[in-house]
Amino acid sequence: GVLGANDGIVSTAGLVIGVAAATTNRGAIFTAGLAGLAAGAMSMAVGEYVSVSTQRDTEKALLAKERQELRDDPAAELAELAEIYAAKGLDEGLAREVAEALTRQDPLAAHAEAELGIDPHELTNPWQAAVASFVSFTLGALLPLIAVLNPSASWRIPGTVIVVLLALALTGYVSARLGGAVIGRAVARVVAGGIAAMAVTYLIGRLFGTAVGA
């Protein structure tokens, strides 16, 4: 969600600042920003849905293979599970006991988690990922879109830049806290990226807008 919001902030800010550098027409700026928001949110949602669906299909295929192996040769699968726990540091006798206990409880879950790192009862959900990406991108994109509609044309770009940098600093802080990373480095990275994106699109808007106007 934080990364989706960050994408929405940066991409929409770059778009509206580029357009605002080329024209002072509020309607044109708003239309471009709104179209960019919709396109970006849909692109994020569809991309996430396809990606997670592919991951889910792979997980299902691996689980189906594991079920087949458990049916065909349960003794070999039990020995394989015991070897996995022995490799993690348990002595052979205890590793065998753990493997047998887990197999009695839920053989598929025991093997899937130990061998594949998959919980068969909690597979990835493509719809959940798509909705989360769509919502987070939209919320992030709304910030620069609202900021650039400032009634004063002279403050549209500076005001948008200030709002965007504050928002990016917040997303950098939150992502660092959630991930246990160094906060200052994370904040500096996202803020620097936002500045670079806005600078490039501003220059494009100025140069291209002037060329078209001429």
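This is a predicted model: local features need pLDDT of at least 70, side-chain atom pairs count only at pLDDT 80 or more; totals for chains, interfaces and linings use all residues.
User: Why is Asn 6 called buried?

Analyst: The relative accessible area of Asn 6 is 16%. Buried means under 20%, so Asn 6 counts as buried. This residue lies in helix 1.

User: Which residues does Asn 6 touch, apart from those up to four places away in sequence?

Analyst: Asn 6 touches Leu 168, Thr 171 and Val 190.

User: What makes Thr 103 partly exposed?

Analyst: Thr 103, in helix 4, has a relative accessibility of 22%. The partly exposed class lies between the buried limit of 20% and the exposed limit of 50%, and Thr 103 therefore belongs to it. With neighbours within four places in sequence left aside, Thr 103 is in contact with Leu 78, Leu 81, Ala 110 and His 111.

User: How far apart are the C-alpha atoms of Thr 103 and Thr 160?

Analyst: A distance of 59 Å separates these two C-alpha atoms, and the residues are 57 apart along the chain.

User: Which residues make the contact of helix 3 and helix 4?

Analyst: Helix 3 contributes Leu 78, Ala 79, Leu 81, Ala 82, Tyr 85 and Ala 86. From helix 4 come Ala 95, Arg 96, Val 98, Ala 99, Glu 100, Leu 102 and Thr 103. By class, this contact holds ten nonpolar, one polar and two charged residues.

User: How do helix 1 and helix 6 cross?

Analyst: Their axes come within 7 Å and cross at roughly 35 degrees, and the crossing is right-handed. Residues of the contact include Asp 7, Ile 9 and Val 16 of helix 1, and Phe 137, Ala 141 and Leu 145 of helix 6. The contact has nine nonpolar, six polar and one charged residues.

User: What makes up the largest nonpolar core?

Analyst: Ten residues form this core: Val 16, Val 19, Ala 20, Ile 29, Leu 37, Ala 41, Phe 137, Ala 141, Leu 145 and Val 148. Helix 1 (2–22), helix 2 (26–72) and helix 6 (126–147) each supply at least two of its residues. Beyond four places in sequence, Val 19 touches Ala 28, Ile 29 and Ala 32.

How values were computed: Residues are numbered from 1 along each chain as its sequence is written. Side-chain values use heavy atoms; hydrogens and water are left out. A nonpolar core is a set of buried Ala, Val, Leu, Ile, Met, Phe, Trp, Tyr and Cys residues joined through side-chain atoms within 4.5 Å. Buried means under 20% relative accessible area, exposed over 50%, partly exposed in between (1.4 Å probe, protein chains only). Helices (H or I, at least four residues) and strands (E, at least two) are DSSP runs, numbered from the N terminus. Contact means heavy atoms within 4.5 Å. Ala, Val, Leu, Ile, Met, Phe, Trp, Tyr, Cys and Pro count as nonpolar, Asp, Glu, Lys and Arg as charged, and the others, Gly among them, as polar. Axes are lines fitted to C-alpha atoms, for helices over the stretch in contact, and angles run from 0 to 180 degrees between N-to-C directions. A crossing is left-handed if the near helix is turned anticlockwise from the far one by less than a right angle, and right-handed if clockwise.
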